[in-house]
Amino acid sequence: MIIHINNQSVVLPEGSALAVLASELELPAQGVAIAVNNRMVPRMGWESHQLADGDRVTVIKAACGG
């Protein structure tokens, strides 16, 4: 299946959970938020949230500074 992460297309196996994507992207354990189709998915829901073909994923990383 093809999903779109921050406007880039990525191929993942069918039925992949959001946690699989986070692992493949090597996202840090803290300071990251993920939205799927413009809806935030709480970190505790990443294991159970199944991605579907065509989903639009936005990864937001916290930044320090002003």
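What percentage of the contacts in the protein between residues at least 6 apart in sequence join residues at least 24 apart? It is 53%, and the views below, taken from a predicted model, show the protein in a few steps.

**View A. The whole chain, from one end to the other.** Welcome to a protein with one helix and five strands. If you follow the sequence, these elements come in the order β-β-α-β-β-β. The radius of gyration is 12 Å, close to the 11 Å that the globule rule gives for 66 residues, so the protein is as compact as a globular protein of that length. Along the principal axes, its C-alpha atoms fill a box of roughly 40 × 25 × 20 Å.

**View B. The largest nonpolar core.** Here you can look inside, at a core of 17 residues. Leu18, Leu21, Ile34, Trp46, Leu51 and Val57 have the most contacts within this core. Two or more core residues come from each of β1 (2-5), α1 (18-24), β3 (32-36) and β5 (56-61). The helix α1 gives the largest share, four residues.

**View C. Leu21 and its partners.** Now zoom in on Leu21, one of the core residues with the most contacts. Setting aside neighbours within four places in sequence, Leu21 is in contact with Ile3, Ile5, Leu12, Leu51 and Val57.

Definitions and conventions: Residues are numbered from 1 along each chain as its sequence is written. This is a predicted model: local features need pLDDT of at least 70, side-chain atom pairs count only at pLDDT 80 or more; totals for chains, interfaces and linings use all residues. Side-chain values use heavy atoms; hydrogens and water are left out. A nonpolar core is a set of buried Ala, Val, Leu, Ile, Met, Phe, Trp, Tyr and Cys residues joined through side-chain atoms within 4.5 Å. Buried means under 20% relative accessible area, exposed over 50%, partly exposed in between (1.4 Å probe, protein chains only). Contact means heavy atoms within 4.5 Å. The radius of gyration is taken over C-alpha atoms; the globule rule is 2.2 Å times the number of residues to the power 0.38.
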